[in-house]
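Reader: I am new to this structure and would like to be taken through it step by step. Could you set it out for me, please?

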Amino acid sequence: MSVPGFSGLNKFLLLFALLFLLLPYGWAKEAAPVAEDPEIERRMIALSEDLRCLVCQNESLAGSRADFANDLRREIREQMKANKSDKEIVDFLVARYGDFVLYRPPMKPTTILLWFGPFVFLIIGAIILVVYLKRRRKQIEEPMLSEQQRKQAEALLEESKGNNA
Amino acid sequence: MRFLLPLIAFIVLVGFLLVGLNLNPRQVPSPLIGKPAPEFQLEELHASDKTLTSKDNLGKVWLLNVWASWCVSCREEHPLLVELSKAGIVPVYGLNYKDERDLALQWLRQFGDPYVASARDPEGRTGIEYGVYGVPETYVIDKNGVIRYKQIGPVTVDALQNKILPLVKELQG
């Protein structure tokens, strides 16, 4: 493309001037904080680490990228801005989604088996082990040599000594 | 005899695992059952100048079906809802969850509109109040505005015949 009246140098200058126009776009910006309020964001993440995302059930609310998790994070953020305590927010979520949202289930009559079941199994296992070991010891102890058998054995040992000599 | 105890323990374990395999992890019991349905005051899908509130239906038994045009399983249950609304046993209201008006209206034109009216919840806030986490969900709400049943996932023929309709009849009676 050749424009009348534009020599090579002029073209270069024009390009240079155009580049200057682009300059404001290139200015480095200071990294903007991801959230409006980093303090609330930090609190929100800390709280949602312990909450389950109900759509993607093995992910925490903090780590999930599901749309639903996003909405709940927004809800938590807004409630934090409204000066609700962490406990109030958790109660709000439990009232709507049940204890299932909590990664740490609360202690109550329906969760007693969950909390203490493992210890019950441990105790049952320990009892079985003790009974088994006692029975086995009896089996090992039983074949004791009688007086006569011992004399026989001694005689045999003496005999073999004599043979070896 | 030596193997009897471990065998019994093994069978019990397999029994537990088998039951576990058949449980649906998505079936999270809602704590809202037996509680008053959360209040809402939302724009109506068909007429944006009208509002729909949770109290409009006090005095009758009604169903609240959470749906969206982007929801695939909603198509699965939709013919059933259309049939249910034709039968006129119980009024079905819709909660159009996180959807766009145009798409929602087009969807209803395409598949039929079983709803007396649909309330728009574009940001899913009312959804959170109702503990919605997997669309579609259907709530049975009694005359006093108390949630009596929640169907998570599509309404099936089985759920309709064995749970929802008997419950509705009982509540209406």
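**Charges, folds and contacts**

Author: Chain B has 18 positive and 19 negative side chains, and 6 Å separates the centres of the two sets. Here Lys and Arg count as positive and Asp and Glu as negative, while His and the chain ends are not counted, and each charge is placed at NZ of Lys, CZ of Arg, CG of Asp or CD of Glu. This is a predicted model, in which local features need pLDDT of at least 70, side-chain atom pairs count only at pLDDT 80 or more, and totals for chains, interfaces and linings use all residues. Residues are numbered from 1 along each chain as its sequence is written, chains are lettered from A and ligands numbered from 1 in the order in which they are written, and side-chain values use heavy atoms, with hydrogens and water left out.

Reader: What pattern does chain B follow along the sequence?

Author: Helices (H or I, at least four residues) and strands (E, at least two) are taken as DSSP runs and numbered from the N terminus. Chain B has five helices and seven strands. Read along the sequence, they give α-β-β-β-α-β-α-β-α-β-β-α.

Reader: How many helices does chain A have, and what share of its residues is buried?

Author: Chain A has six helices and zero strands. A residue is called buried when its relative accessible area is under 20%, exposed when it is over 50%, and partly exposed in between (1.4 Å probe, protein chains only). Of the 165 residues in chain A, the buried share is 23%.

Reader: Which three residues of chain B supply 38% of the area that chain B buries against chain A?

Author: Contact, meaning heavy atoms within 4.5 Å, links 15 residues of chain B with 17 residues of chain A. Buried area is the accessible area (1.4 Å probe) that two parts lose on being put together, summed over both, and for these two chains it comes to about 1500 Å². The three residues that supply 38% of what chain B buries there, more than any other three, are Arg125(B), Ile128(B) and Tyr133(B).

Reader: Which residue forms a salt bridge with Asp71(A)?

Author: A salt bridge is counted when a side-chain nitrogen of Lys or Arg is within 4 Å of a carboxyl oxygen of Asp or Glu. In one salt bridge between the chains the closest N and O atoms are 2.3 Å apart, and the partner of Asp71(A) in it is Lys98(B).

Reader: Which residues is Pro25(B) in contact with, leaving aside its neighbours within four places in sequence?

Author: Pro25(B) is found in the loop between α1 (4–22) and β1 (41–43) of chain B. With a relative accessible area of 53%, Pro25(B) is exposed. Beyond those neighbours, its contacts are Gln57(A) and Phe100(A).

Reader: How many residues apart in sequence are the parts that Arg43(A) and Asp86(A) tie together?

Author: Arg43(A) and Asp86(A) form a salt bridge whose closest N and O atoms are 2.8 Å apart. Because Arg43(A) lies in helix α2 of chain A and Asp86(A) in helix α4 (residues 86–97) of chain A, the pair ties together parts whose separation in sequence is 43 residues.

Reader: Is Arg42(A) buried or exposed?

Author: Glu39(A) and Arg42(A) meet in a salt bridge (3.0 Å, N to O). Being three residues apart in helix α2 (residues 38–48) of chain A, they are separated by about one helical turn. Glu39(A) is partly exposed at 43% relative accessible area, whereas Arg42(A), at 52%, is exposed.
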